[in-house]
Amino acid sequence: MESLTVIFGFVAVVTLLLVLSALRWTRSRMARVVILLLFALLLPAAYAAPAALLGRAKPVTLEWMGANVREAKVLSATLVENEAIYLTLLWEQAPNLYRLPWDRRMAEQLQEAQREAQRNGTNPMMRLPFERSWDDREPRFYAQPQPKMPDKPYENAPGNGGPGGNPGIEFQHPGQPT
């Protein structure tokens, strides 16, 4: 929403400058009233139009702020055959809803990546989500590899509970308090 406020502010300032220049060059009282009336109607419309789009999927071709994103996490996906592939992508802090044009091969890649990610206990990812490329040699969707298991402490190593060593090292699950 913060970027919409900035964009709205920019549109309002530019429109105000246009209105002021139109008022400056217009001599007719009626034309001035019409210009001010149109300005008063434009401001709420300029604010409400993008706000109405917040919950709708944006085509990936319209994403210009994240054009340099190398990969994004796929939080959810909905496939509507012969219409579109709807994706919730996380590539910075907040998730965004996008729409890809329907492509059977891409839908199959996505489903396979989701299955593999579920088996690995990871998330499906998307390479270059906003790049317009005809190169389809490398799949756009993939599953993150399974995380590496922690090293096991050895029984007879000094410091790991071996003879003459310290008590053994206790495994603590990542993210758990100590």
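Tutor: Helices (DSSP runs of H or I, at least four residues) and strands (runs of E, at least two) are numbered from the N terminus. With that rule, M126 is found in strand β5, residues 124-127.

Student: What kind of model am I looking at?

Tutor: This is a predicted model: local features need pLDDT of at least 70, side-chain atom pairs count only at pLDDT 80 or more, and totals for chains, interfaces and linings use all residues. Residues are numbered from 1 along each chain as its sequence is written, and side-chain values use heavy atoms, with hydrogens and water left out.

Student: How many helices and strands are in the protein chain?

Tutor: The protein chain has three helices and six strands. Read from the N terminus, the order is α-α-β-β-β-β-α-β-β.

Student: Back to M126. Is M126 buried or exposed?

Tutor: Buried means under 20% relative accessible area, exposed means over 50%, and partly exposed lies in between (1.4 Å probe, protein chains only). M126 has 0% relative accessibility, so M126 counts as buried. Across the chain of 178 residues, buried residues make up 23%.

Student: How far apart are the C-alpha atoms of M126 and W91?

Tutor: They are separated by 9.8 Å. Along the chain, M126 and W91 are 35 residues apart. F171 sits in the segment after β6 (141-143). F171 counts as exposed because its relative accessible area is 51%.

Student: Now the salt bridges. How many does the rule give?

Tutor: Look for a side-chain nitrogen of Lys or Arg within 4 Å of a carboxyl oxygen of Asp or Glu. The count here is three salt bridges.

Student: Which residue does R104 bridge to?

Tutor: R104 pairs with E108, and their closest N and O atoms are 3.2 Å apart. Both lie in helix α3 (residues 104-120). They are four residues apart there, so about one helical turn separates them. R104 is exposed at 53% relative accessibility, while E108 is partly exposed at 40%.

Student: And which residues are linked in a network of salt bridges?

Tutor: E112, R115 and R119 are. Take E112 with R115: the closest N and O atoms are 3.5 Å apart. These two are three residues apart in helix α3, so about one helical turn lies between them. Then E112 also meets R119, at 3.8 Å from N to O. E112 is partly exposed at 36%, and R115 is partly exposed at 43%. R119 is exposed, with a relative accessible area of 58%.

Student: What sits over the ring of Y142?

Tutor: A charge sits over a ring if NZ of Lys or CZ of Arg is within 6 Å of the ring centre and within 35 degrees of the ring normal. The charged end of R127 is over the ring of Y142, 4.1 Å from its centre. Likewise, the charged end of R24 is over the ring of W25, 5.5 Å from its centre.

Student: Which residues form the nonpolar patch on the surface?

Tutor: Patches take residues with over 30% relative accessible area and no salt bridge; like charges are joined within 9 Å, nonpolar side chains (Val, Leu, Ile, Met, Phe, Trp, Tyr) within 5 Å. Here M30, V33, V34, L37, L38 and L41 make up a nonpolar patch. Together they have about 600 Å² of accessible area (Shrake-Rupley method, 1.4 Å probe; for residues, only the protein chains shown count as cover). V33, one of them, lies in helix α2 (residues 29-52). With 49% relative accessibility, V33 counts as partly exposed.

Student: Which residues does the UniProt annotation "transmembrane region" cover?

Tutor: The unreviewed UniProt entry gives residues 6-26 and 33-53. Such positions use the numbering here, feature names are shortened, and annotations may be inferred rather than shown by experiment. In the model, residues 6-26 are 95% helix and 0% strand. The end C-alpha atoms of that span lie 30 Å apart.

Student: Last one. Where is N82?

Tutor: N82 is in the loop between β2 (71-80) and β3 (84-90). Its phi is near 60°, a positive value in a residue other than glycine. N82 is exposed, at 65% relative accessibility.
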